[in-house]
Amino acid sequence: MRSVRVRLNDNSYDIHIGAGLIKEVGHLLVEHNLRKKAVIITDATIDKLYGDVLEHSLSAWGLKASRQVIPPGEAQKSLQTAGKLYGRLAEVYAERGTPILALGGGVIGDLAGFVAATYMRGVPLVQIPTTLLAQVDSSIGGKVAVDNGRLKNIIGAFYQPKLTVADISLVKSLSNREIGDGMAEVIKYGLIQDNQFFSYLERDLDKIKALDDETLEYIVYRSAEIKARFVEEDEKDTGLRNILNFGHTIGHALETVSDFKMSHGEAVALGMAAAGKISRKLDMLDNSALSRMLQVLNRAGLPTGLPGFDINAIMQAIQHDKKMSQGKLRFILVRSLGNAVISDEVTLDLIKETLLNWNE
Ligand SMILES: NC(=O)c1ccc[n+]([C@@H]2O[C@H](COP(=O)([O-])OP(=O)(O)OC[C@H]3O[C@@H](n4cnc5c(N)ncnc54)[C@H](O)[C@@H]3O)[C@@H](O)[C@H]2O)c1
């Protein structure tokens with residue numbers, strides 16, 4: 001097991017990472033003095049796979065829990081579902097000290113986190129992320145939210161968990177596409193912050209794809225550590241934390257234009273490829289670094305060739321993106337592998353030219 005301490009003054013907490021850790025949740029709750037009857041919030045798919053294991057881990061330590069199971073999918077990240085969950089919490093007599101255990105991917109983490117942040121002005125939250133994306137990204141940093149129609153994550157809060165338990169064995173039941181969603185973020189961490197980690201990914205990608213325990217534990221650990229350091233510097237996302245959006249400006253636009261047929265990871269991979277190409281055009285990144293970057297994405301099963309979308313539609317979607325303020329785009333570029341910068345030099349024309357001449 002490895003651990004990452006997220007240092008946020010009174011809101012500091014640990015992320016524990018390892019194989020089989022779901023069986024230790026009961027023990028960890030007792031250690032953290034979270035002994036009140038817990039509420040597990042999860043979705044039906046995850047409940048079938050891991051609901052019983054989690055409940056047994058609690059009962060082994062004399063802890064009780066009620067399970068609130070919702071259907072899977074982004075559509076559940078809504079005020080309506082949050083409303084239903086508040087009702088169910090009241091029915092099981094949840095009170096101020098009742099821990100909410102968010103057992104799931106980013107959807108459950110964001111929704112259950114939002115419910116934990118708001119029910120009775122806040123009850124203790126424990127994140128138990130079950131997707132690679134949630135383990136390396138969405139469960140870290142305290143952003144919890146629900147969507148409102150097409151407006152994603154528009155109603156939310158910053159709310160840190162008391163504890164996060166990332167059991168890397170759980171990701172073995174994910175599809176390759178879902179692993180790819182997480183891998184796009186893992187590769188992003190190497191590209192923005194850590195050249196050695198990037199080289200590690202290049203070297204051990206086959207072991208990662210085989211979901212080797214030791215390798216998975218290391219990449220989740222290093223990714224969590226990198227994200228945690230950004231969050232510590234800029235908890236409320238007012239500056240430096242923007243760097244974590246590397247690849248996301250164009251990525252979000254592609255996701256929208258594909259009508260969400262493209263997965264988040266696929267879109268972010270293309271967004272990072274585009275940002276790499278723009279970095280090269282601005283003489284920041286050399287050709288060999290760009291080709292190493294594209295190769296790793298490819299080998300991880302992520303796309304690097306632009307699908308035949310309408311470029312004007314992509315440009316429109318970029319302009320609607322929230323990261324565009326006062327006509328200027330805060331764009332993240334890479335100076336070298338492992339070194340990202342926030343730039344305001346990137347114009348919409350430059351993005352368009354890059355998309356139009358993708359294979360240049
Ligand atoms: N809060 C943040 O900082 C942050 C960051 C990035 C993304 N997000 C949010 O995360 C969400 C996407 O998260 P996601 O990619 O984890 O998707 P998800 O939560 O929808 O999970 C994907 C699917 O996998 C299933 N699943 C989950 N764990 C499983 C497992 N171990 N085995 C088999 N199936 C499993 C789920 O039932 C679901 O159908 C989006 O809503 C996004 O907005 C939040």
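How are helix 6 and helix 10 oriented to each other, roughly parallel or roughly antiparallel? In this predicted model, the axes of helix 6 (residues 176-193) and helix 10 come within 7 Å and cross at roughly 30 degrees. Angles under 35 degrees count as roughly parallel, and helix 6 and helix 10 are therefore roughly parallel to each other. The crossing of helix 6 past helix 10 is left-handed. On the side of helix 6, the contact is formed by R177, G180, D181, A184, E185, K188 and L191, and on the side of helix 10 by H264, G265, E266, V268 and M272. These residues comprise 4 nonpolar, 3 polar and 5 charged.

Helix 10 (residues 264-281) also packs against helix 11 (residues 287-299), at an angle of about 175 degrees and with the axes 10 Å apart. Helix 10 and helix 11 are therefore roughly antiparallel to each other. In this pair, A269, M272, A273, G276, K277 and R280 of helix 10 meet N287, L290, M293, L294 and L297 of helix 11. The contact of helix 10 with helix 11 divides into 7 nonpolar, 2 polar and 2 charged residues.

The largest nonpolar core contains 81 residues, of which I17, M183, I187, I219, F246, F331 and I351 touch the most other members. Beyond its neighbours within four places in sequence, F331 contacts T249, I250, A275, I278, V341, I342, S343, V346 and I351. Another core, of 22 residues, lies apart from the largest one and includes V30, L101, I128 and L163.

Methods:
Residues numbered from 1 in each chain as written. Predicted model: local features only at pLDDT ≥ 70, side-chain atom pairs only at ≥ 80, totals over all residues. Heavy atoms only, no water. Core = buried A, V, L, I, M, F, W, Y, C linked by side-chain atoms within 4.5 Å. Buried < 20%, exposed > 50% of the residue type's maximum accessible area, 1.4 Å probe, protein only. Contact = heavy atoms within 4.5 Å. Axes fitted to C-alpha atoms, helices over the stretch in contact; angles between N-to-C directions. Helix = DSSP H or I, 4+ residues; strand = E, 2+ residues; numbered from the N terminus. Parallel < 35°, antiparallel > 145°, perpendicular 65-115°, else oblique. Nonpolar A, V, L, I, M, F, W, Y, C, P; charged D, E, K, R; others polar. Left-handed = near helix turned anticlockwise from the far one by under 90°.
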